[in-house]
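Here's a quick briefing to read alongside the structure. Take a look at the picture first, then work through the points below.

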Amino acid sequence: MTAILAMSAAVQAADHVMAATRGSKVESRKSNDQDSAEEAPKALSLSLKEAQDYAIKQNRSLKNASLAVQEAYAARWQTIASMLPQVDGNYSYSNYLGYSATMSMMGRDVEINMPNVGAFGVTATIGLNGQGVIGALLNNIAIDMKKISFEKSESELRSSVMSAYVSVLALQSITNLLDSSLINIQDLEQMTQNAVNVGAAEQTSADQIRVRVNTLKNSINTQKRNIELATNSLKVLLDVPVETELVLTENIDEVLSPERVINLLAENFNIENNLNYQLLKKQTELAKRNVHMAGWAYGPTVALAYNYTNQQYYGEGGMRMTPPNVVQVSVKMPLWSSGKRAAGVVEKKIAYEEAKNTLSETTDNLAIQYRQLCFNLTNAYETYMNEKDNIDVARRVFASATEKFKWGAASNLELTNASNDLINVQSTYVQAMLELINAQSDLEEFLNK
């Protein structure tokens with residue numbers, strides 16, 4: 001049961017990481033070619049911050065978020081350019097195949113040859129209306145929203161890397177503890193078996209200790225598989241091949257420092273720094289601009305055009321009836337749309353009211369959420385410190401029971417209980433570490449730290 005609990009904690013942490021990046025990883029694997037495989041590092045030694053920075057540099061999902069910002073800039077320029085002069089050139093050639101037109105002039109029919117004609121023209125136009133101007137402003141808001149989304153994706157990636165990194169460290173720490181316990185109990189097994197061989201102890205005692213040895217071996221093997229699972233999850237976030245060897249240069253005590261937790265809890269909550277609030281605020285501003293844009297559907301559209309045409313006749317005849325230079329000015333004013341524009345304005349106003357209500361509700365909820373996250377971190381930290389103390393006690397008890405058993409001062413049952421307690425406490429310790437790092441990363445992400 002304890003081995004299952006330990007494996008479950010590791011699997012939960014790995015699943016959290018895998019779910020956050022599964023989509024981007026599938027796309028990543030599809031696009032990797034032979035060149036990128038050859039350039040992949042064979043080994044990486046990374047601290048926690050180095051791992052986070054490496055993931056930000058390599059992660060394809062985050063690259064897509066960065067490209068979305070550039071895409072928003074391109075969309076804004078399209079909107080602005082549509083209100084600037086547009087110049088088009090054209091050339092046409094007409095061959096009338098010897099056709100002659102007959103015209104009646106002063107009571108006589110006159111044939112007029114229709115020569116072949118080539119025409120070159122240039123048209124310059126510019127149009128301006130209120131909706132175009134508002135559209136450019138909407139694009140500015142869209143750019144800000146894309147930037148916030150990119151920053152949010154980066155923060156979430158840092159949090160996922162931190163959870164995966166600590167999961168590996170926690171499982172390695174527990175495996176080291178189990179290894180040391182296994183060495184001690186294997187010594188007891190050998191000593192007891194020697195006593196059995198000379199008739200100083202019963203075979204039952206040796207068999208019971210052998211059960212303890214096998215139980216510890218199973219726990220160690222389970223933890224090693226969990227380490228492999230957590231390491232692969234970290235490789236997914238770093239976007240490196242499974243063959244790459246990862247060396248984590250920080251230990252668990254450096255990452256889970258009391259000072260870091262205390263400083264985080266001492267942070268003052270500024271709602272303006274929260275990325276979810278920033279995003280909702282921009283969405284509300286966007287809804288307000290949409291009301292103005294819908295209102296400009298009643299506004300006029302002013303257009304200015306200049307057209308230059310140069311015709312060249314090939315042969316005799318032909319009448320030049322097309323003026324070479326034409327300037328046009330037009331004003332288009334909407335008059336009646338059967339209530340379509342009015343309904344559009346009402347729709348955008350309702351959407352704006354909904355956005356304001358959502359922003360107000362979120363503002364209140366974020367204050368409550370901050371208090372809950374602080375409570376979660378405080379509770380997780382206290383639990384972690386208690387479990388850390390418990391594991392030290394359990395190790396001392398197991399060491400004492402082992403020593404007493406060597407000299408016949410402790411029974412087989414006492415040794416078994418001490419061993420079971422150590423395994424149980426170690427599993428609980430892993431779970432407490434994971435809960436602490438998740439609570440810490442949640443609050444850091446909330447505060448945009």
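How many helices and strands are there in the protein? The count is 11 helices and eight strands. Keep in mind that this is a predicted model.

**The whole protein**
- Of the 449 residues in the protein, 37% are buried.
- Take the contacts between residues at least 6 apart in sequence: 84% of them join residues at least 24 apart.

**Helix 10 and helix 11**
- When two helices pack, we describe them by the angle between their axes and the distance between those axes.
- Helix 10 covers residues 340–406, and helix 11 covers residues 412–447.
- These two pack at an angle of about 155°, and their axes sit 7 Å apart.
- Because angles over 145 degrees count as roughly antiparallel, helix 10 is roughly antiparallel to helix 11.
- The crossing of helix 10 past helix 11 is left-handed.
- Sorted by class, the residues in the contact between helix 10 and helix 11 are 26 nonpolar, 10 polar and six charged.

**A look at N438**
- You'll find N438 in helix 11.
- Its relative accessibility is 31%, so N438 counts as partly exposed; that label is for values between the buried cut-off of under 20% and the exposed cut-off of over 50%.
- N438 and L377 are 61 residues apart in sequence, while in space their C-alpha atoms are 8.6 Å apart.

Technical notes: Residues are numbered from 1 along each chain as its sequence is written. This is a predicted model: local features need pLDDT of at least 70, side-chain atom pairs count only at pLDDT 80 or more; totals for chains, interfaces and linings use all residues. Side-chain values use heavy atoms; hydrogens and water are left out. Axes are lines fitted to C-alpha atoms, for helices over the stretch in contact, and angles run from 0 to 180 degrees between N-to-C directions. Helices (H or I, at least four residues) and strands (E, at least two) are DSSP runs, numbered from the N terminus. Angles under 35 degrees count as roughly parallel, over 145 as roughly antiparallel, 65 to 115 as roughly perpendicular and the rest as oblique. A crossing is left-handed if the near helix is turned anticlockwise from the far one by less than a right angle, and right-handed if clockwise. Ala, Val, Leu, Ile, Met, Phe, Trp, Tyr, Cys and Pro count as nonpolar, Asp, Glu, Lys and Arg as charged, and the others, Gly among them, as polar. Buried means under 20% relative accessible area, exposed over 50%, partly exposed in between (1.4 Å probe, protein chains only). Contact means heavy atoms within 4.5 Å.
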